[in-house]
Amino acid sequence: MIIKQAKVFGADHHFHMQDIRIEDGRIAGTSESIAAGGGEEVIPANGMYALPALVDIHQHGAVGYDYCDASEEALSVIAEYEAQNGVLAVCATTMTISENDLLSVAKVVSNHKNSAGADIVGINLEGPFVSPDRLGAQNPLHQMNPDVNMIRRIQKKSGGKVKLLDLAPELDGAIEAISELRKEMTISVAHTSCDYETAIRAYKAGASHLTHTFNAMNPMLHRSPGPIPAAVESGANAELICDGIHIHPAMVRLVFSLFKGRMILISDSMRACGLSDGTYDLGGQEVRINGRRAELARDSGVLAGSVTNLYECMKTAVNDMGIPIEEAVLAATENPARAIGIDDEYGSIAPGRYANIVLCDENLDLIKVYRRGEDITK
């Protein structure tokens, strides 16, 4: 099939009026004009934006389900919701729960077949290796120091699906764990009370990522810079939640300028995403939802993930926060795919990649979603 005359987000991270040829579920090529052969389906885009389908590497759940439910039903329902909202690759993100529960999640992800909805491309192990002083919505009952053997047990059970490991580098054994695991998975500084110097040690040891920047970490201060400047100077990627709740727009613009070309938008969505206000569970803790705000029931000052999907976060970044569309799209597609090593198949409209394409209008309102060349829009 051919998608004709779309504003295609290209390899140079700019938009070009082009046609897209799709063969056997993958991108065959793009050009200013592609002639249709006999029997090829032609889809007129009429100048709509053509974006790579989004990649959310930090997402806990949606529409009543959480990956920590450790069920095929949960994975399938979340995957379908994400696909209908323009996200076609996700990491199943865990919480600070017991090793047995993490092994259960690993097993169900390993057994899951990416036959419909968003592809579950890996596991983001967020917790239990977090600071007791920066738990956020993590459960203190299962917080612990990094355990390389435990991580490898989870990795083995998952069939090698652990793509991202979050940890606080000030914990006993953390720097050693980073050094030992750096070639096996992407390692992120997360839920941490570490100072600048400790963060620098973590990045020198092999960390290359910063989890939900500003949240659950020391702030940037002029005599106590904390982990954010360390990540900037070390060339790390930085996640950001642009749901309009977690981060002020001025700070969003600032961090995009600090991490030029290295930003990664995430949703950090929990099971209430896509549902109405009420009380829900996150990692064994009660969370109350009011509008777009999710808070721990035991402490209303603690945000507990988001109730906004990644596509809406990207729209908010562009339409409400002043982030250039090219930068926001890059941060929601190619950058997260590259961060976990799946950019050879996801995150860009380039030859050989899956034909996972979103068509949208100038306001970024979603019009069509193509999964491996098939229109799955409902």
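How many nonpolar, polar and charged residues are in the lining of the second largest pocket? The close-ups of this predicted model below take that up along with two other sites.

**Close-up A. The second largest pocket of the model has a volume of about 150 Å³.** Its lining is made up of 14 residues, and those closest to the centre are Lys-260, Gly-261, Glu-326, Glu-327 and Leu-330. To come back to our opening question, five of the lining residues are nonpolar, four are polar and five are charged. Look for helix α9, residues 325–332, when you find your way around here: with four residues, this helix gives the most to the lining.

**Close-up B. The largest pocket holds about 270 Å³ of space.** Here 19 residues form the lining, with Gly-136, Ala-137, His-191, Asn-215 and Leu-303 the closest to the centre of the pocket. Strand β19, which spans residues 299–303, gives the most to this lining, with three residues. Sorted by class, the lining of the largest pocket has seven nonpolar, nine polar and three charged residues.

**Close-up C. Three residues, Met-220, Met-251 and Leu-254, form a nonpolar patch on the surface.** Together, Met-220, Met-251 and Leu-254 have about 210 Å² of accessible area. A handy landmark is helix α7, residues 249–258, where Leu-254 is found. Is Leu-254 buried, partly exposed or exposed? Leu-254 counts as partly exposed because its relative accessibility is 34%, and partly exposed covers the range between under 20% for buried and over 50% for exposed.

How values were computed: Residues are numbered from 1 along each chain as its sequence is written. This is a predicted model: local features need pLDDT of at least 70, side-chain atom pairs count only at pLDDT 80 or more; totals for chains, interfaces and linings use all residues. Side-chain values use heavy atoms; hydrogens and water are left out. On a 1 Å grid over the protein atoms alone, a cavity is a set of points where a 1.4 Å probe fits but cannot get out, and a pocket is an open set with protein on both sides within 12 Å along at least five of seven lines; lining residues have an atom within 4 Å of a point. Grid points are joined across faces, edges and corners, and a volume is the space filled by probe spheres set on the points. Helices (H or I, at least four residues) and strands (E, at least two) are DSSP runs, numbered from the N terminus. Ala, Val, Leu, Ile, Met, Phe, Trp, Tyr, Cys and Pro count as nonpolar, Asp, Glu, Lys and Arg as charged, and the others, Gly among them, as polar. Patches are made of residues with over 30% relative accessible area and no salt bridge: like charges are joined within 9 Å, nonpolar side chains (Val, Leu, Ile, Met, Phe, Trp, Tyr) within 5 Å. Accessible areas come from the Shrake-Rupley method with a 1.4 Å probe; for residues, only the protein chains shown count as cover. A salt bridge is a side-chain nitrogen of Lys or Arg within 4 Å of a carboxyl oxygen of Asp or Glu. Buried means under 20% relative accessible area, exposed over 50%, partly exposed in between (1.4 Å probe, protein chains only).
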